[in-house]
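Hi,

Here is the structure I said I would pass on.

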Amino acid sequence: MAGMKIITVNRQSPNEDHLLQAADVIRDGGLVVLPTETVYGIAADGSNPEAIRRLDAIKQRPGNKPYSLHIDDKDKLESLVQEVPVAAYKLMDRFWPGPLTIVFKAASSGTIGIRMPDDSIARRVITLADVPVICPSANLAGMPAPVSFEDAVKDLRDKVDLGLNAGATSKGKESTVVDVTLKPVKVLREGAIPGADILKVANTKIVLFVCTGNSCRSVMAQALLRKKLSEAKRTDVEVLSAGIMMADGLGASFETQELLAAEGIDVSKHRSRRVTKDMINKADLVLVMEGSQEHRILQMHPAAKNKLFLLKEFARVEGNDLNIPDPMGRDTRFYEQTLGIIKEAVEKVSQII
């Protein structure tokens, strides 16, 4: 080996040609010392046996022990794993991109650690390489993980092909590793993110109420459940609301604000949100007002079937109609009746969540 080539890159405005060089080396089976926000790593093509052999030799790692994958986009995850538990969606929503490695059941067999780094250089190189990128810390076995380029390359100059020098890493600490194949999830290694923060996010239950416009019914349900949980001093549940069709940023209807004010609840600062797949993914319970909303959510995310219910299923029902009709444009009495049904159902939800 001729020795490592070193390129200095600017984190704020990296030269694309330099990143392309790094991507080419990885794609061609070489090894690249690469910055992330945690520590410097040795990036390689995880599907190239020779690249993995070289990495194993540097890391003195058993050949049957897999490396974690680094990805540049959350959408790539589902093709790599058997399933994505709700706890994982919560953790990704809060900590990705960032210093968190999540262990999943691999799509093939066994388990796989996956991280989406919060470093524009690392993510861009991963994108350009267009291969499965593994990136263990750039240190010899038994040595500390390097947080500066100088520490990363001092023992590697004759062992890797290219080094990108972007200065010190921002976190200066390895990623936290959490196993979501276990219930409850387990922190395997505490790193840049405290283990207590991981467990709090993973174990917080999320209830999502959905209506048409997120200005009446879902607002009522969200406000009433938040009040019940607050009265019970519950801090382990997050309550969200969204609409199927409404654009973001609109306030609650006047009637909704007036009725909730009589309940001691101020929703004057509420702003509507359109429901997204990410919201559905991270929710433990999705409660809709009408069958049409149930159908729309199942179109968006069929896997939500087992956590999706009509809210009226939790109220005493006369007849077979489980829809809670939209009060928008109706009189005050209709709004009051709607609030009454939602209040009864929310009371039941608060007891079981």
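Bear in mind that this is a predicted model. What I found is an open sheet of 10 strands with mixed pairing, in the order S1-S8-S2-S3-S7-S4-S6-S5-S9-S10. Its edge strands are S1 (5–8) and S10 (186–189), each of which pairs on one side only.

Two helices to look at next. H2 (residues 49–59) packs on the sheet and touches S3 (41–45) and S7, with its direction at about 155° to that of S3. H4 (residues 120–129) also packs on the sheet, touching S2 (32–34), S4, S7 and S8 (162–165), and its direction makes about 145° with that of S2.

Then there's S9 (residues 176–179), which is covered on both faces. In a regular strand, side chains alternate between the two faces of the sheet. Here Thr176 and Val178 sit on one side, Val177 and Asp179 on the other, and all are buried.

As for the neighbours of S9, S5 (residues 100–105) runs parallel to it and is joined to it by 4 bridges; isoleucine 102 has valine 178 as its bridge partner there. S10 runs antiparallel to S9, with 3 bridges between them, and valine 177 stands opposite arginine 189. S9 and S10 form a hairpin, with 6 residues between the two strands.

Cheers

Note on methods:
Residues numbered from 1 in each chain as written. Predicted model: local features only at pLDDT ≥ 70, side-chain atom pairs only at ≥ 80, totals over all residues. Heavy atoms only, no water. Pairing = 2+ DSSP bridges. Contact = heavy atoms within 4.5 Å. Axes fitted to C-alpha atoms, helices over the stretch in contact; angles between N-to-C directions. Buried < 20%, exposed > 50% of the residue type's maximum accessible area, 1.4 Å probe, protein only.
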